[in-house]
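Dear colleague,

I am passing on the structure below, and I would be glad if you could look through it before reading my notes.

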Amino acid sequence: MGFFKKLLFQNEKGELIDILTMAQSQKLAIKKNAIEHAIDLIARTISKCDIEYYMCNDSLKKIEKVKNKTYYRLNIRPNDNEIATTFIYNAISKLLKEEEILIINLNRKLYLADSFNYDSKIIKEKRFENVVLSDNKGNSFRLDRTFLSSECIYLNLGVSKIKECLDDYYKDIGKLISIQNKKYINSNINKWRLDVPGTQAKLIDPKTNKEMDYKDYKQKITEGLMDEEDAIVMLGKEFNLSKLTSEEKHNSDDLIKLQDKWEKEVAMAFNIPLDVFYGSKTDKSTGTNDFITFAITPITSIFEDGFNSRLITYDRILKGDNIRFNKLNIKHFDIFDCANSIDKLLSSGFSHDENRYFLGIPETGEEWAQRHHITKNYENVSVGNDGGDSMT
């Protein structure tokens, strides 16, 4: 399913083994940490957004923001055992890692499926089976029923830059990491040459006192020589062992450069500006705006489409009902730093409560706070009140 799972194979016991972890666990940590950091950055950012529900007031013919049961499920408690922030964070993380997720709607409560299967139908509704729900304690529960597409929320990344970049990396750069790691280790351990006598001497294993052939003896010596730690190798009198290792030592600069290169590749794949990825953003940087535009908005759009298509009926959608992620919460606003801007918004027609909403503080709900005032002369005037020149 996801790009992480493509790195796994089964051993003789049927256990899943990560090939790269087996070969180069330290190097896998470099790229995995970068991927996890990018996913965590996006998921944490989106999970702090308020998910708003807008509904058409049929009597007033006006779209209004409301708080109903759907709003409660999306923002407070999607089900009896989870809070919304954790639920949305887990859903986004799983989507970015595995490229697809399934959210089940059971009795108006939302659950994120841990695993599932579905058919390959194109025209007819897909059927989702073997749906398993899990918690963070390792407990799981398999749902004994089949879900149609119209009964659940299925989301996928589609053909995304994230998937393409990571797939290419695992194919083309994975071997490079292994080579760099072996070069680093091998350049810092000793190499030896073993001279074998012309006539075969009797070889005795010092531990078992049993006779060994040359193949077994070579393997035992090699194990000691290739140990990353210092080791003592027992040799018979007939053997001569001489050192072949170059005195030139390699440091970890190559690995650091490789890590830096990979982190930049990950940031580019996830559309995260480098100053945001590294946490080095300055006051003059536009990184946050670019982060919201190119990394956050595409993901929230996927969730908005999924929520709107499954949690709101067709007729209500046509009337204007919709679910939206409020990305204003992503930015931190200092009320004193933006006081002049707030004043301009008030004079341009934004109400007092609308400005409080922009700042992320509770609205008053008072009638006077809903009024709109325009104190600037923004109107188009054909003729001046005193018969002066026309203005546009």
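**Confidence and cores**

Where pLDDT is low, the predicted coordinates should not be read in detail. The mean pLDDT of the protein is 77, and 64% of its residues reach 70 or more.

This is a predicted model, in which local features need pLDDT of at least 70 and side-chain atom pairs count only at pLDDT 80 or more, while totals for chains, interfaces and linings use all residues. Residues are numbered from 1 along each chain as its sequence is written, and side-chain values use heavy atoms, with hydrogens and water left out.

A nonpolar core is a set of buried Ala, Val, Leu, Ile, Met, Phe, Trp, Tyr and Cys residues joined through side-chain atoms within 4.5 Å, where buried means under 20% relative accessible area, exposed over 50%, and partly exposed in between (1.4 Å probe, protein chains only). The largest such core has 48 residues, and Ile42, Ile92, Leu96, Phe270, Ile272, Phe303 and Phe307 touch the most other members. Its largest share, 9 residues, comes from helix α1 (residues 19-47), helices being DSSP runs of H or I with at least four residues, numbered from the N terminus. Another core, of 10 residues, lies apart from it and includes Leu102 and Phe128.

Best wishes

Definitions and conventions
pLDDT = per-residue confidence, 0-100. Helix = DSSP H or I, 4+ residues; strand = E, 2+ residues; numbered from the N terminus.
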